[in-house]
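Let's take a walk through this structure together. Keep the 3D view open as you read.

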Amino acid sequence: MAADLNVVNLFIIAGGTLAIPILAFVASVLLWPAALIKVYYWYWRRTLGLQVRYADCGGYRFSYTYRGKPGMRPSILMLHGFSAHKDTWLTVVKYLPKHLHIVCVDMPGHEGTTRTNTDDYSIEGQVRRIHQVRRGQNILICTEIIPLKSTFVLTSSQFVETIGLNRKPFHLVGTAMGGNVAGVYAACYPSEICGMTLICPDGIKHPHETKFDNHLQDLEQSNYTLTIPLIPTTPEEMEDMFRLCSHVRFKIPQQILQGLVDVRQPHNTFYQEVFMEIVSEKSRYALQQHLHLITAPLQVIWGKQDQVVDVSGAAVISEMVPGCRIDLLENCGHSVVMERPCRTAKLILEFIILQQDARGDTKKSS
């Protein structure tokens with residue numbers, strides 16, 4: 001009888017031990033979905049070997065992740081899009097070789113990077129954040145699209161200098177708004193860039209209208225009093241945003257959608273300010289206005305079913321930058337890094353190797 005009781009107690013203890021983490025997980029999904037999303041990103045950063053670091057530049061702090069060390073291949077700097085963050089690139093980094101030196105930075109004001117009331121958000125201003133000119137001139141730091149006002153001058157070392165990224169030319173990757181910034185950066189500072197990949201970049205006056213262009217016209221006519229599709233405030237609006245940005249239909253549980261809304265909600269006023277700047281006359285076609293200055297080898301990756309920035313922009317870039325490589329992805333929308341991460345990583349790596357081999361052949365022939 002005592003033996004039977006011991007067995008029963010053993011099962012109760014074992015069952016309780018298993019039930020506690022299961023109940024904790026269920027409770028976190030139901031009650032704290034935003035916390036669960038943060039844990040998810042933390043887990044994948046650790047799994048992929050990415051470390052979080054901070055670069056302090058004259059009182060301004062940039063948050064970034066990195067993996068690997070500078071080596072034979074050029075380092076890769078990755079710039080995320082509007083209202084995103086450095087972890088946007090986790091899906092792509094997963095398929096890149098671990099020996100590559102990769103840096104993913106939070107744009108100014110985004111996630112772990114400093115946000116101040118003195119910032120404005122034009123493309124060219126953001127480029128000033130990406131690259132600092134010494135001796136009291138404006139600073140520039142790689143990320144999204146957010147510039148400095150003339151009253152906000154950073155005098156310490158630039159971000160890429162602080163982490164030693166510009167010891168030799170690096171490969172610059174930018175998606176959407178980050179692609180716009182990347183293109184302007186490469187045009188302004190060609191000696192720092194050995195190659196560049198733009199993924200569905202903003203900043204091109206494309207000949208065809210998209211679903212988002214129609215939304216934008218409605219917003220302009222209403223003097224921006226309507227809801228901005230890229231700034232959702234409810235789980236339903238979040239789902240609509242995914243439908244707009246992605247051709248692939250992901251089945252996302254309601255609680256996860258709520259968690260995503262909860263994570264973004266405190267920053268929506270900031271996102272609105274950024275959005276108003278990047279659709280302004282000053283910034284809307286910044287990339288196209290700088291294309292003729294780009295000298296680095298250029299690769300463009302675009303989803304054929306992009307409803308936010310029409311794929312016809314690829315032809316515009318190709319015409320203005322002779323010799324650039326165009327990779328169009330079937331059954332893919334605006335969120336290329338989410339819909340086709342493996343293919344994107346493969347294309348970027350192929351392009352880097354191809355350009356490096358071409359430079360090697362040029363040196364041999366000379």
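Keep in mind that you're looking at a predicted model. A handy place to begin is helix α12 (residues 313–320), which lies across β7 (298–303) and β8 and runs at about 165° to β7. Those two strands belong to an open sheet of eight, laid out in the order β1-β2-β4-β3-β5-β6-β7-β8. The pairing in that sheet is mixed. At its edges sit β1 (51–57) and β8 (325–329), each of which pairs on one side only. From one strand to the next, the twist averages 20°.

Strand β3 (residues 76–79) pairs with strand β4 (residues 102–105) in the parallel sense, over four bridges. If you want a landmark there, Leu77 has Val103 in β4 as its bridge partner. β3 also pairs with β5 in the parallel sense, again over four bridges, and here Leu79 stands opposite Gly174 in β5.

So how buried is β5? Six of the six residues of β5 are buried, so the strand is largely enclosed by the rest of the structure. In a regular strand, side chains alternate between the two faces of the sheet. In β5 both faces are covered: Phe170, Leu172 and Gly174 are buried on one side, and His171, Val173 and Thr175 are buried on the other.

On the β6 side, six bridges join β5 to β6, and the two strands run parallel. Leu172 has Met196 in β6 as its bridge partner. Follow the chain from β5 through α6 to β6 and you trace a right-handed β-α-β unit. The helix of that unit, α6 (residues 177–188), lies across β3, β5 (170–175) and β6 (193–199), and it runs at about 145° to β5.

Next up is helix α7 (residues 211–221), where the buried residues are Phe212, Asp213, Leu216 and Leu219. Look down the axis of α7 and these buried residues fall within an arc of 115°, so they line one face of the helix. What covers them includes α8 (235–245) and α10 (268–278). After α7 comes Asn223, which has a positive phi, near 60°.

Let's finish with charged pairs. Side chains of opposite charge can pair when their charged atoms come close. A search of the whole structure turns up nine salt bridges. One of them brings together the side chains of Arg61 and Asp56, at 2.8 Å from N to O. Arg61 counts as partly exposed at 37% relative accessibility, and Asp56 is partly exposed too, with a relative accessible area of 47%.

Another salt bridge links the side chains of Glu330 and Lys304, at 2.6 Å from N to O. Glu330 lies in the loop between β8 and α13 (336–339), while Lys304 lies in the loop between β7 and α12, so the pair ties together parts that are 26 residues apart in sequence. Glu330 is partly exposed, with a relative accessible area of 44%, and Lys304 counts as partly exposed at 35%.

Over at Asp327, a salt bridge forms with Arg325, whose closest N and O atoms are 2.9 Å apart across the pair. Is Asp327 buried or exposed? Asp327 is buried, with a relative accessible area of 13%, whereas Arg325 is partly exposed at 22%. Finally, salt bridges that share partners join Glu239, Asp240 and Arg243 into one network.

Note on methods: Residues are numbered from 1 along each chain as its sequence is written. This is a predicted model: local features need pLDDT of at least 70, side-chain atom pairs count only at pLDDT 80 or more; totals for chains, interfaces and linings use all residues. Side-chain values use heavy atoms; hydrogens and water are left out. Two strands pair if DSSP finds at least two bridges between them. Axes are lines fitted to C-alpha atoms, for helices over the stretch in contact, and angles run from 0 to 180 degrees between N-to-C directions. Contact means heavy atoms within 4.5 Å. Buried means under 20% relative accessible area, exposed over 50%, partly exposed in between (1.4 Å probe, protein chains only). A crossover is right-handed if, with the strands pointing away from the viewer, the path from the first strand over the helix to the second runs clockwise. The arc is that of the directions from the helix axis to the C-beta atoms. A salt bridge is a side-chain nitrogen of Lys or Arg within 4 Å of a carboxyl oxygen of Asp or Glu.
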